[in-house]
Amino acid sequence: MVDGGSQELANFFGWVSIACWLVVYSPQIIENYQLQSGDGLSVGFVVIWLIGDLCNLTGAVMADLLPTVIIVACYYTLCDGTLLAQIYYYRRKRARRGAPLLVAEDPRLSMLYDESSPLLAGDGTAEEPPSRPSFAAALGFVFAVGVLAWAVDRELHRDSPRSKPDEVVEWRSQVLGWISAALFLGARIPQIVKNLSTRCEGLSPFLFVYSIAGNTTYTLSILAASLEWPHLVVNAPWIAGSALTVFLDLFVLYQFAHYRREDGERARARERSE
C-alpha cells in the first residue's frame with residue numbers, strides 16, 4: 001500500500017474514531033442526570049481513566065503524533081472530568097438535603113443498594129426496563145457522521161495533500177504512553193469489581209459499546225498509516241492502550257448481559273410461583 005493511500009485510510013478511521021468518542025460519554029452523562037446519581041460508576045475507574053488520558057495527551061503532544069490522536073486525547077480528558085464532577089455533585093446534593101448517601105431516588109437505582117430488591121412491581125407484574133435506542137441504529141448514525149467528517153476533510157485538503165509527519169522514538173513520550181496504556185487497562189478493574197455488587201445498575205452499556213467502536217477504529221487509524229517497524233514502535237503504547245481495553249470492555253458488556261439474563265429468569269420464576 002502506498003503512503004498516500006495508507007494515510008487516507010488512516011484519516012478515514014481517525015475521523016470515525018473521533019465521531020465515536022464525541023458521543024461515547026453522552027449516554028452515561030445522561031444516565032447520571034436522569035438518576036440524579038453517579039453511583040453506578042466506580043470512582044477509581046474514572047480517576048484512573050482521567051490520569052491515563054492526561055498521560056496519553058502529554059505523550060501524544062511530545063511525540064508529535066497524528067492530529068486525530070491528539071484531538072481524541074483532549075476530548076477524553078474533558079469528558080473524564082465531567083463524569084467525575086457529576087459523581088461528587090450528586091453526592092453533595094443528597095448530603096445537603098440530609099438524605100443518606102446511598103438512597104436510590106429512581107426505581108431503576110434501587111438494586112444499587114439492595115440486592116434483595118424485588119424485581120416485580122406492586123401489582124405483581126414484571127417492571128418494564130426503561131427503553132433504550134437500538135445499538136445498531138446508534139452506531140450506524142455515529143459511523144455515518146464519521147464518514148461525513150472524513151469526506152469533508154478530504155475535500156478541504158484535495159489540492160494540498162498532507163505530508164506524513166516525522167516520527168522519532170522519544171523516551172519521555174514513550175514512558176508516558178506506556179503509563180497511560182497500563183492505566184487504561186487498570187481503570188476497568190475497579191468498575192468490573194463494582195459491577196459484581198451493583199449488577200451494572202446505574203451504568204450505561206452504551207459507554208462501553210462506543211468505547212469498543214472508538215478504540216477499534218482508533219487502533220486501525222494508527223495501523224493504516226503504516227505497518228513499518230519504526231511507526232509501530234513509536235505508536236506501540238497507543239496501540240496497546242486502545243486494543244487491549246477492547247477485551248475488558250467486552251467483559252463489562254458480558255456482565256450486563258449476564259445480570260439482565262439472571263434478572264429475567266428470576267422475574268419469570270416469581271411469576272410462575274404466584
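The legends below describe close-up views of a predicted model. Residues are numbered from 1 along each chain as its sequence is written, and side-chain values use heavy atoms, with hydrogens and water left out. Because the model is predicted, local features need pLDDT of at least 70 and side-chain atom pairs count only at pLDDT 80 or more, while totals for chains, interfaces and linings use all residues.

View 1. A search of the whole structure finds one cavity of 30 Å³ or more; a cavity is a set of points on a 1 Å grid over the protein atoms alone where a 1.4 Å probe fits but cannot get out. The volume of the largest cavity is about 130 Å³, a volume being the space filled by probe spheres set on the points, which are joined across faces, edges and corners. It is lined by 15 residues, and Tyr 76, Phe 184, Asn 215, Gly 241 and Ser 242 are the closest to its centre. Lining residues have an atom within 4 Å of a point. Two or more lining residues come from each of α3 (43–62), α6 (171–198), α7 (205–225) and α8 (229–273), and α8 gives the most, with five. Helices are DSSP runs (H or I, at least four residues), numbered from the N terminus. By type, the lining has seven nonpolar residues, seven polar and one charged. Here Ala, Val, Leu, Ile, Met, Phe, Trp, Tyr, Cys and Pro count as nonpolar, Asp, Glu, Lys and Arg as charged, and the others, Gly among them, as polar.

**View 2. Helices α7 and α8.** The two pack at an angle of about 155 degrees, with their axes 9 Å apart. Axes are lines fitted to C-alpha atoms over the stretch in contact, and angles run from 0 to 180 degrees between N-to-C directions. α7 and α8 are therefore roughly antiparallel (over 145 degrees; under 35 counts as roughly parallel). Their crossing is left-handed, the near helix being turned anticlockwise from the far one by less than a right angle. The contact of α7 with α8 has 17 nonpolar residues, eight polar and one charged.

**View 3. Helix α6 between two partners.** With α8, α6 packs at an angle of about 5 degrees, the axes being 8 Å apart, which makes α6 roughly parallel to α8. Their contact divides into 17 nonpolar, seven polar and two charged residues. With α3, the angle is about 160 degrees and the axes are 8 Å apart, so α3 is roughly antiparallel to α6.

**View 4. A salt bridge between Asp 39 and Arg 94.** The closest N and O atoms of this pair are 2.7 Å apart. Asp 39 lies in the loop between α2 (26–35) and α3, and Arg 94 in helix α4 (residues 67–96), 55 residues apart. A salt bridge is a side-chain nitrogen of Lys or Arg within 4 Å of a carboxyl oxygen of Asp or Glu.

Terms used. 1 Å grid on protein atoms, 1.4 Å probe; cavity = no way out; pocket = protein on both sides within 12 Å on 5 of 7 lines; lining within 4 Å. Parallel < 35°, antiparallel > 145°, perpendicular 65-115°, else oblique.
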